[in-house]
Amino acid sequence: MSKKVLLTSVCRPMGPKYGDAPSVGYELLYRQVMRAQGIFSPRTVNIHFSLEYIAENLDAPTVVLQYPSKRELIRELKKGYDYVGVSFLMAVMHKMKETVALIRQYAPNSKIVLGGYGTVLKDEVLKPYADHICREEGVAFFRRLLGESEIPMPYKHPLIVSSLKLFGWTVSGTGKIFAGLGCPNGCDFCCTSHFFSRKHIKLLPEGKDIYAVIERYLDMDPKLVFLILDEDFLLNKKRAMAFRDCVIKGGKAVSIFAFSSIKAISQYKVEEIMEMGIDGFWIGYEGTRSNYAKQQGRPVGEILTEFREHGITVLASMIVGFDYQNQEVVATELDGLMKLKPALSQFLIYGPVPGTPFYERIIKENLLQDVYTKDMELFYRRADGFRTMIKHPTLSPEEIERIQSWCFEEDFQRLGPSIFRVLEARLLGYQKLKDSANPILRQKAEYYARELRVAYPVFLAGRLLGPNAAVRRWIGDLERRIQAELGRPTLVDRLMSVTAVGAALWTWLTLKLDLFQHPKLIRTTYRMPGKRWSAFHLWEEIQRKVSIPNLSIQVDLQHAKKQVWMRLEGALSAADAEGLGQRIRDCLDRSKGRLVLDLKKLHWNKVDDLRPLREKLAAYRSRIRLLLPQWSAARPELILLASIFHHYKG
């Protein structure tokens, strides 16, 4: 009998009000990158993606909990699991201990597995709380632990979409693409690089693998934007350029935010980057004298200026607390960064993380603050990039922390809310690219224009509530420049502008009173038998066992939606259509989930007759959605299919 697995984050609520470090929570933007921007910070909940990714790629029945309350976790534990995995960061080790205590109390027979970057701590620290510790790529680790056979990369890729909200309104959905783990750059402070011993693990080995995931997302929702999770995505030029070729061949406009370094970016022309669909970057600015190898290449000012002119937004990350820095040096570095007008800025304190060379040096030279040497539990709890952990040559801990706060505030007061900085970059990009000879770049200009038009309603709130008079005037001027290019706002835009001001004030009130600041539990089941989600093995058997010449069948079990997505590509004869239809009918008969039948890539000039497939599935029409080619109205066969089954609309 298959073992049952539960994978969970630590329990909510989280945040400074509950004894946690300042940036520990559910949100990277609001809590960390845009911490001084208040109501103007977009909001998005960051789940533990690794848990969903691992669960997708096991054979064992698995449940994933994202941010359960203690009561919700206890209720789940009582259902009985052979293994319980807990993902945590070092800064929430105290919450990991609370979670483990609940597991031992309510599921004493469960084996406990600890994972995540919190496992940078040594065995003698973690062993009292775990039966197993995962310090490697999680899918291979768990399959080995469960006695499941090894599977090759690329693994199955779960489709995980997060919503980005502003003033409580959902403004976009972001599809997460897990392209790689680790980084070979080896910066002395970087946990992610040294956690994987400076190796880069390609979860999606080739450019075509990355684009295949994007295609699946676009089938689900053509309006999605994308985040490629890979520490230095452009470093591997062969993979990146192969991905670019796929994007160009696909002919679809995509919008991608990626992580990269000056060293990696310097390998490319800006046009090549834009042809990949990338229009946003997270770049390590660090410090002007930090001298990391990843900063070698074109001058950072030249790259950031060129990017901004092409509409590419940059999140620049700067470090405070290097040995060479003092108040004047940091002020000079900040001035240099502000002149480049990054869309977003992050300022973190130079901190030692166990497992990194910087930590080893700090311990060897006895540079850890005495309070943390005496109390390592306090060190773990405060290690979030907002507390000074080391003895600096010239600055006190309080001075470094004050300088950091000053940087965040200066960034906001000088350049204004990041949402308007993004819009200004998009305007510059639109103006530069709208008449480009390159059709891909003209397509990007059209995308920028749509973004700008949709953003019309936020300007009134910016003009009224911006941080100072100069910023408010700049926002008004930006609004006029955009309207001069793209036209005046409609009556609906004007009405929504007034509504946006009300929504912004409501957002201020909820922040002030700490209302609605915690996410609800997200519970996803994988291969768990149930009334609405059973017979999943039958769906997978279609892909494994059905062999039809010149036809490719791909089956994705979308566990969160209790939905099966089946793609057919190639030729399909009438006889094969009847056999396949019977297989699909058997699966529908045994399960209660929904089916999306993706027929976009069938070779319709080689399709004999789909009548047998249509007749086999007609009884289940209420549970089937079709995805058809855009030219479906031109073919009688497709018109007939569309008249019987509903069209998939996301």
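Me: Which helix do the buried residues of H14 pack against?
Reply: Good place to start! This is a predicted model, where local features need pLDDT of at least 70, side-chain atom pairs count only at pLDDT 80 or more, and totals for chains, interfaces and linings use all residues. Residues are numbered from 1 along each chain as its sequence is written, and side-chain values use heavy atoms, with hydrogens and water left out. Judged by contact (heavy atoms within 4.5 Å), the buried residues of H14 pack against helix H16 (376-382).

Me: Which residues of helix H14 are buried?
Reply: Helices here are DSSP runs of H or I with at least four residues, strands are runs of E with at least two, and both are numbered from the N terminus. Buried means under 20% relative accessible area, exposed over 50%, and partly exposed in between, using a 1.4 Å probe and protein chains only. In H14 (residues 357-364), the buried residues are Phe358, Tyr359 and Ile362.

Me: What is the order of the strands in the open sheet of five?
Reply: Two strands pair if DSSP finds at least two bridges between them. The edge strands, pairing on one side only, are E16 (551-558) and E20 (646-647). Eight bridges join E16 to the antiparallel E17 (residues 563-570), with Leu557 partnered by Val564. The pairing in the sheet is mixed, and the order is E16-E17-E18-E19-E20.

Me: How many of the residues of strand E14 are buried?
Reply: Strand E14 spans residues 344-349 and is largely enclosed by the rest of the structure. Parallel to E14 runs E13 (residues 313-320), joined to E14 by six bridges. The number of buried residues in E14 is five of the six.

Me: What is the handedness of the crossover from E13 to E14?
Reply: The chain passes from E13 through helix H13 (residues 327-339) to E14, a β-α-β crossover. With the strands pointing away from the viewer, a clockwise path from the first strand over the helix to the second counts as right-handed. This crossover is right-handed.

Me: Why is Cys134 too far from the closest cysteine sulfur for a bond?
Reply: A disulfide is a pair of cysteine sulfur atoms within 2.5 Å, and by this rule the count is zero. The closest cysteine sulfur to that of Cys134 belongs to Cys191, and the bond is ruled out because the separation is 13 Å.
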